[in-house]
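Biologist: Hi, could you walk me through this one with me? I have a few quick questions.

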Amino acid sequence: SKAEGRLVPLASVSPSPRAVSLAAQTNKDARLVELVLRESRTVLRAAPGRLIVEHRLGLIHANAGIDQSNLESSDEPVALLLPIDPDASAHTLRERLAATYGIAPAVIISDSAGRAFRRGVVSLAIGCAGLVALWDRIGERDLAGRTLQVTEIALADQLAAAAGLLMGEAGEGLPAVLISGLALPPGDTPATVLPRPAAEDLFR
């Protein structure tokens, strides 16, 4: 997001009446709420200190994934938006790594997010290239020989979470992790397949 210039000075944002109303409801800066609304399809929940939305990418995120942590301090407050197209960002990074080093590793763009019914945040894949984001294992056999009926592995999310343990959430300053020695299933699917479609969502 930083490399793609997704920093927005809050002084440049004029909050709408809806943003002002939600800001009063959530105790948040109305300018920040305005950015959340611009980045979102739908507001799902609003409460003091919380604003949960469906991001334009289909992600369910607090504050539309907009962050103000780990940004260089300045006199003017800024907010950092998610990449416009994280899958495209991953593909571009993969191509540049291939051009520079002669190898094209799979690339995951991650972000930390909370999960319904669970406390704490976990790193999730919001963009990827060069790997199967959602590994369909339906039809394979389990240890007892039974055919798997519904098993799909969120492979990109699992790898993002593993890397997140090293990258950290505070002042660790580690922007990337290299995972090696892992045998990946063949294929290349984007991270856009990971969010559950609204038609399959039993909780909205």
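Biologist: Where does E54 sit?
Modeller: E54 is in strand β3; strands here are DSSP E runs of at least two residues, helices are H or I runs of at least four, and both are numbered from the N terminus. This is a predicted model, where local features need pLDDT of at least 70 and side-chain atom pairs count only at pLDDT 80 or more, while totals for chains, interfaces and linings use all residues. Residues are numbered from 1 along each chain as its sequence is written, and side-chain values use heavy atoms, with hydrogens and water left out.

Biologist: Is E54 buried or exposed?
Modeller: E54 counts as buried because its relative accessibility is 12%. Buried means under 20% relative accessible area, exposed over 50% and partly exposed in between, with a 1.4 Å probe and protein chains only.

Biologist: And which residues does E54 touch?
Modeller: Leaving aside neighbours within four places in sequence, E54 contacts S40, R41, T42, L44, L59, I60 and R204. Contact means heavy atoms within 4.5 Å.

Biologist: What is the bridge partner of E54 in β4?
Modeller: That is I60. β3 and β4 (60–62) pair in the antiparallel sense over 3 bridges; two strands pair if DSSP finds at least two bridges between them. Their hairpin has 4 residues between the strands, and G58 there takes a positive phi near 95 degrees.

Biologist: How many bridges join β2 and β3?
Modeller: There are 6, again antiparallel. V43 stands opposite V53 in β3. This hairpin has 2 residues between the strands, with G49 at a positive phi near 80 degrees.

Biologist: Changing topic, which residues of helix α1 are buried?
Modeller: In α1 (residues 17–26), A19, L22, A23 and T26 are buried. Seen down the axis, they fall within an arc of 105 degrees, so they line one face of the helix; the arc is that of the directions from the helix axis to the C-beta atoms.

Biologist: What do they pack against?
Modeller: The buried residues of α1 pack against α2 (30–38), β2 (40–47) and β3 (50–55). The face turned away from the buried side carries the exposed P17 and A24.

Biologist: What happens just after α1?
Modeller: N27 takes a positive phi of about 60 degrees there.
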